[in-house]
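This briefing concerns the structure shown below.

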Amino acid sequence: MTIKYQSQKVALPYMQLSLLLFVLQVIMGLWLAANYAFTLPQGLIDVFSFATSRAIHTNLLVAWMLLGFMGGAYFILPVECERELHSTKVAWLQLILFAAAAVTAVVGFLFGWTQGKPLLEIPVPLDLVIVVAALLFLFNILMTVLQAKNRTVLQWMLVGGVLFLALMYLFGIPFYSSLNTDYYYWWWVIHLWVEGAWELITASIIAFVIIQVTGVERKVVEKWLYVETGLFLFTGIVGTGHHYYWIGAPDYWLWWGGIFSALEPLPILLMVVDTWFHIRERKNPIVNQLLWVYIVALAIFHFIGAGLFGFVHTLPPINYYTHGSQITVSHGHMAFFGAYALLNLTVFYFALPQFKGIERYKATAGYWGFWIMAVSMFLLGLVFGVAGILQVYLERFLDIGYSTAHITMMFWFKVALFFGVCFLAGTLTTVYHLFTLKPVEEERSR
Amino acid sequence: MELKNARMIFWGGTLVSAAIFGWMTYDFHQQGETLAHNSKIDDRVIAGKKVWHKYNCNNCHTILGFGGYYAPDMTKAYYRLGANNIIAIVMNPQEVYRNSFRKMPQLGVTKIEAQNLVAFLHWTANIENRQWPPQDEKYVKAARLRESHPEKLQKTDLVLGACGGCHSFANQGRDIAGDFGEIAKRITYDHDTLIRYMQNPKSVKPDSDMPPQNVSPETAGLIADFILSLR
């Protein structure tokens, strides 16, 4: 299978850079675990503190996710619209701006140039560069969709998701004098991204991949797409309330936030069901099984990490004790890996062989990479969960003080560091495999 | 199901949820005064919030439960630690946490910045957030009791309110820098030297690890009386 449109090629550097940042993010994660597992000397943390490393870890996460989404959108839109992209020059300019802003941001963090808001540390001047890059992206995909040969639900869902994503980003830029209001709108970025805009983008991209790979009728897939995204937004928007229990918001948020967020796993469960149906009703033969494994894993891990692990501590009486503890870390890692890391990797496994014109690739290293990553991330999530339950029990139930509760964590973070190293091995194997895809022998001899 | 119905589910679900959320956002702003006392945000609170951002505090510490889980939550830190301890810790972390399993970086926070930070944390600690975090509620209650009934205060309350961030007495406070019972037996200073020591430890004992304390001579005098009475 080769690419159908020349302009799809612009997606390649996006995906390659995305993978590179993924590796860096994991390495920074190991360093964070080491901060917990050992007592580091004062001189070292004065220069390179946990706060700086965490800012880099989380910003690399956001950067590689967004690069993956943008690359994915550029790859699927020409096929979906049956025409070339509006402009590959704009796509290149956008990539350069985005990458320059990301690199400047990371170097800036090392020298203390930060806005000081978790996940949104990028200082305002760089925010503006990001906004310009986002506008270029929106312009480019909108022009492509407007000039499409045919109109599809999927195109508009994708454009809508990107527009939603870009709009929400703006709420994180201003300085709010009230911390209460600050965090109210902080969640408009973080929550409405991961449980709103990003879900729209994920759902549309995966719908495209499923149509292409399984050959299931478009009408059926698009119907599911509408229902799922509708439920995502219905539960997700008011579900933002589960972050407002303890920030000083009116009482009724406990009910609205609790009930709506308890329903949030529902659309993800639907995703698992429809993926299963589509694969069972497939019209196409399974060529590269690894890609199908990724599609199924995405659905299941998405449900476990974001759905189940989120559900267990989303209700107010439980959240009162678990809020702001390592339990959130457990959920965060499982959810981001399950929903978005696997989405990007699925798209990369769909797209990268096409750039090389490979029909069937050797998949051994890819399987190793996948299973090592999936198993170590699952165990990592459990270890964070154990550390979190201990923390909550010791610090908040028994009330024996922060230090005592956290000293017990050093052991569990040594275990986490071990699984982190395993995860890095899986990541490197996967990235190496994706960069060096080779066709299977029989094809070459033909 | 027809595509048309699926589309209606999408728009119906999205718009209903957005409408509820929009109304709740409006009400959140209406109640900002009752719940967060937004009118009490003065220049020092704002300056303090900027200090909080400038030193990237929020990537190690949580506040309102959000941020890094590496260091204690700061929502009720004003009541847990008190103004004086916050200033001492923020300005001299390498000394306060010399023997701790986890360190805080020396950030170079100035005195004025630290004072503004206290104003910010004081405002934050008064947000009506349904007694979260659970483990700090006892400090909030104790501090409110001290504020409302100063006449009932005993000397130990005063001493531990100011010094309990590092010193302990009768199993209260944190034993980082020694228990007052033992210190009283060890030291040889007189009343005035002790006051000088609190305000500028290095001027009395050059190799002292104790940070200078932001304490008035009157309060320092009371504390000195208390410690010397333990001999």
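Pro133(B) lies in the loop between α7 and α8 (137-148) of chain B, where helices (H or I, at least four residues) and strands (E, at least two) are DSSP runs numbered from the N terminus. The structure is a predicted model, in which local features need pLDDT of at least 70, side-chain atom pairs count only at pLDDT 80 or more, and totals for chains, interfaces and linings use all residues. Residues are numbered from 1 along each chain as its sequence is written, while chains are lettered from A and ligands numbered from 1 in the order in which they are written.

- Trp132(B) and Pro133(B) are joined by a cis peptide bond, with omega about 0°.
- Arg130(B) is also found in the loop between α7 and α8 of chain B, and this residue has a positive phi of about 60° although it is not a glycine.
- For context, most residues other than glycine have a negative phi, and most peptide bonds are trans.

**Domains of chain B**

- Chain B is divided into domain 1 (3-30), domain 2 (39-148) and domain 3 (153-231); these bounds come from an automatic or database domain assignment.
- Taken over C-alpha atoms, the centres of domain 2 and domain 3 of chain B are separated by 22 Å.
- In chain B, 13 residues of domain 2 are in contact with twelve residues of domain 3, contact meaning that the C-beta atoms of two residues, placed from the backbone, lie within 7 Å.
- On the side of domain 2 of chain B that touches domain 3 of chain B, α5 (83-91) and α6 (93-96) of chain B each supply at least two residues, and α5(B) gives the most, with six residues.
- That side of domain 2 of chain B comprises six nonpolar, four polar and three charged residues. Here Ala, Val, Leu, Ile, Met, Phe, Trp, Tyr, Cys and Pro count as nonpolar, Asp, Glu, Lys and Arg as charged, and the others, Gly among them, as polar.

**Interface between chains A and B**

- The contact takes 58 residues from chain A and 57 residues from chain B.
- Elements of chain B that each supply at least two residues to its side of the contact include α1 (3-30), α2 (32-36) and β1 (62-63).
- α1(B) provides the largest share of that side, 15 residues.
- The side of chain B that touches chain A divides into 29 nonpolar, 19 polar and nine charged residues.

**Helix packing**

- α3(B) and helix α7 (residues 111-125) of chain B pack at an angle of about 105°, with their axes 7 Å apart. Axes are lines fitted to C-alpha atoms, for helices over the stretch in contact, and angles run from 0 to 180 degrees between N-to-C directions.
- α3(B) is therefore roughly perpendicular to α7(B); angles of 65 to 115 degrees count as roughly perpendicular, under 35 as roughly parallel, over 145 as roughly antiparallel and the rest as oblique.
- Residues making this contact include Val51(B) and Trp52(B) of α3(B) and Phe120(B) and Trp123(B) of α7(B).
- In chain A, the axes of helix α3 (residues 50-81) and helix α6 (residues 153-170) come within 10 Å and cross at roughly 150°, so α3(A) and α6(A) are roughly antiparallel to each other.
- The contact is made by Ala73(A), Glu80(A) and Cys81(A) of α3(A) and Leu154(A), Gln155(A), Leu158(A) and Val162(A) of α6(A).

**Confidence in chain A**

- Chain A has a mean pLDDT of 95, and 99% of its residues reach 70 or more; pLDDT is the predictor's confidence in each residue, from 0 to 100.
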